[in-house]
Amino acid sequence: MPRVKYILLDCDNTLCLSERLAFEACTDLTNEVLEKWGKPERYTVEQLLEDFVGHNFRGMLNGLQKKHNFTMTPEEVDAYVDRELGAVTTKLSEKCEPCPGVPEQLAWAKEQGYPMSVVSTSAKPRVVASIKKVGIDHYFPDEHVYSAATSMDKPSSKPDPAIYNFACKKLGVDNKDCVTVEDSRSGATAAMRAGIPLIGYVGVYGIEDGKEKMEQMAKVLKEECNALVIMYDWKEFPECLKKIEAQ
């Protein structure tokens with residue numbers, strides 16, 4: 001493809017080490033929901049990450065209802081989503097750190113003249129809290145931060161490609177002329193369904209889960225989600241972009 005017209009970037013565990021912090025904040029609420037609706041199951045942070053990584057809390061609540069056979073009203077879901085957003089945003093504002101190499105590579109992309117946007121499944125206040133805490137918010141004006149949870153009239157969650165389609169329309173670019181970076185199966189699936197060339201970032205798994213999980217996710221993103229390139233470290237980003245533009 002010719003020069004990429006827009007770099008679209010997932011936030012959680014792609015730009016920022018935020019996923020585990022967020023799941024720490026929402027595990028208590030998840031178990032409160034299960035108790036309130038009379039379900040005996042309880043989740044640890046690790047179990048919740050395994051089942052729902054890449055989903056926002058609304059998507060997680062929908063998944064819990066299906067998995068454990070109970071029903072929440074839309075108003076009850078909204079109330080828990082609001083509570084979770086407050087708890088997570090507070091934690092991220094205090095503790096979030098960048099994925100290694102991200103600030104340097106965003107500076108490189110900016111110098112090269114690539115426009116960039118964040119396209120996340122998470123609620124916008126949470127995304128903004130993360131990128132501000134790690135000091136990269138100046139690369140992303142408010143209108144270039146898109147959230148599947150809060151930017152559209154109908155809230156969504158990756159792997160639904162709706163947020164990618166919405167962002168590309170707002171940015172005035174064709175999906176195929178962009179590139180995106182995703183770390184999770186759900187995010188990568190959303191990119192694939194939207195027809196956006198994908199760089200699969202797996203370095204975060206090496207940091208948090210070890211080499212075996214990192215290689216497992218590299219295989220998933222490549223074989224199941226059609227990632228064109230696998231990126232193990234953000235310092236590889238210029239070369240990954242070059243490989244995609246050469247195709």
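Modeller: Domain bounds, as used here, come from an automatic or database domain assignment. The model is predicted, so local features need pLDDT of at least 70 and side-chain atom pairs count only at pLDDT 80 or more, while totals for chains, interfaces and linings use all residues. Residues are numbered from 1 along each chain as its sequence is written, and side-chain values use heavy atoms, with hydrogens and water left out.

Biologist: What distance separates the centres of domain 1 and domain 2?

Modeller: Domain 1 comprises 6-17 + 97-246, and domain 2 comprises 20-95. Across the two, 22 residues of domain 1 are in contact (heavy atoms within 4.5 Å) with 18 residues of domain 2. Taken over C-alpha atoms, their centres are separated by 23 Å.

Biologist: Which residue of strand 3 stands opposite S120?

Modeller: Strands pair if DSSP finds at least two bridges between them. Three bridges join strand 1 (residues 6-9) to strand 2 in parallel, with L8 partnered by S117. Three bridges also join strand 2 to strand 3 (residues 145-147), again running parallel; there, the residue opposite S120 is S147.

Biologist: Through which helix does the chain cross from strand 2 to strand 3?

Modeller: This β-α-β crossover is right-handed: with the strands pointing away from the viewer, the path from the first strand over the helix to the second runs clockwise. The connecting element spans residues 124-133 and is helix 6.

Biologist: Within what arc do the buried residues of helix 2 fall?

Modeller: In helix 2 (residues 45-52), V45, L48, L49 and F52 are buried. They line one face of the helix, because, seen down its axis (by directions from the axis to the C-beta atoms), they fall within an arc of 100 degrees.

Biologist: Which residue's backbone oxygen does the side chain of S186 reach?

Modeller: S186 lies in helix 8 (residues 185-194) and is buried, with a relative accessible area of 7%. Beyond its neighbours within four places in sequence, its contacts include H55, K158 and P159. At 3.2 Å, its side chain reaches the backbone oxygen of G54.

Key. Helices (H or I, at least four residues) and strands (E, at least two) are DSSP runs, numbered from the N terminus. Buried means under 20% relative accessible area, exposed over 50%, partly exposed in between (1.4 Å probe, protein chains only). A polar contact is a pair of N or O atoms within 3.5 Å; within protein, one must be able to donate a hydrogen and the other to accept it, and residues adjacent in sequence count only if both atoms are side-chain atoms.
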